[in-house]
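Student: I'm new to this one. Can you walk me through how to read it?

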Amino acid sequence: QVQLVESGGGLVQPGGSLRLSCAASGIIFSAYVMGWYRQAPGKQRELVADITSGGSTNYADSVKGRFTISRDNAKNTVYLQMNSLKPEDTAVYYCNADLMRRVIPKGYWGQGTQVTVSS
């Protein structure tokens, strides 16, 4: 049974930081592309960042220079360090595991964690 469990969301003021974690089980973690997606109210789910098994990263333009994705294959965990947060970063953040990068994501999803950026 595959499980992706996100944690680390919460309420933060503009300019603040949060670190999201996604712990995976039931998959050969090191073989998967791990991604973070987000969905704001009334908007489509969008890619935030992903990282391949070899460590190659990809970021949405809106988060470049502010967010960093990383993975620890020994812990089966992917992280998203979010700095200089803006109100427009408010969304539910989802972890995804897939065997390849795709335009339309497939694979496995976590349940999501809420990030709210507000003063």
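This is a predicted model: local features need pLDDT of at least 70, side-chain atom pairs count only at pLDDT 80 or more; totals for chains, interfaces and linings use all residues.

Student: Is Ile51 buried or exposed, then?

Tutor: Ile51 has a relative accessibility of 5%, so it counts as buried. You'll find Ile51 in strand S5.

Student: Which residues is Ile51 in contact with, leaving aside its neighbours within four places in sequence?

Tutor: Its contacts include Tyr32, Val33, Met34, Ile69, Ser70 and Val78. Take Ser70: Ile51 and Ser70 sit 19 residues apart in sequence, yet their C-alpha atoms are 7.1 Å apart in space.

Student: What should I know about nonpolar residues?

Tutor: The general idea is that in soluble globular proteins, nonpolar side chains tend to be buried together. Here, the largest nonpolar core has 30 residues, and the members touching the most others are Met34, Trp36, Val78, Leu80, Met82 and Tyr93. Several strands give two or more residues to this core, among them S3 (18–25), S4 (33–39), S5 (46–51) and S8 (77–82).

Student: And the charged residues? How do I read those?

Tutor: Side chains of opposite charge can pair when their charged atoms come close. How many salt bridges does the structure hold? There are 6.

Student: Let's look at Asp50. What does its side chain meet in a salt bridge?

Tutor: Arg101, at 2.9 Å from N to O. This pair links distant parts of the chain, since Asp50 lies in strand S5 and Arg101 in the loop between S9 and strand S10 (108–109), 51 residues apart. With a relative accessibility of 5%, Asp50 counts as buried, while Arg101 is partly exposed at 38%.

Student: Which residue forms a salt bridge with Asp98?

Tutor: That's Arg102, with the closest N and O atoms 2.6 Å apart. Asp98 is buried, at 5% relative accessibility, and Arg102 is partly exposed, with a relative accessible area of 33%.

Student: Which residues are linked in a network of salt bridges?

Tutor: Arg38, Glu46, Arg66 and Asp89 are linked that way.

Terms used:
Residues are numbered from 1 along each chain as its sequence is written. Side-chain values use heavy atoms; hydrogens and water are left out. A nonpolar core is a set of buried Ala, Val, Leu, Ile, Met, Phe, Trp, Tyr and Cys residues joined through side-chain atoms within 4.5 Å. Buried means under 20% relative accessible area, exposed over 50%, partly exposed in between (1.4 Å probe, protein chains only). Helices (H or I, at least four residues) and strands (E, at least two) are DSSP runs, numbered from the N terminus. A salt bridge is a side-chain nitrogen of Lys or Arg within 4 Å of a carboxyl oxygen of Asp or Glu. Contact means heavy atoms within 4.5 Å.
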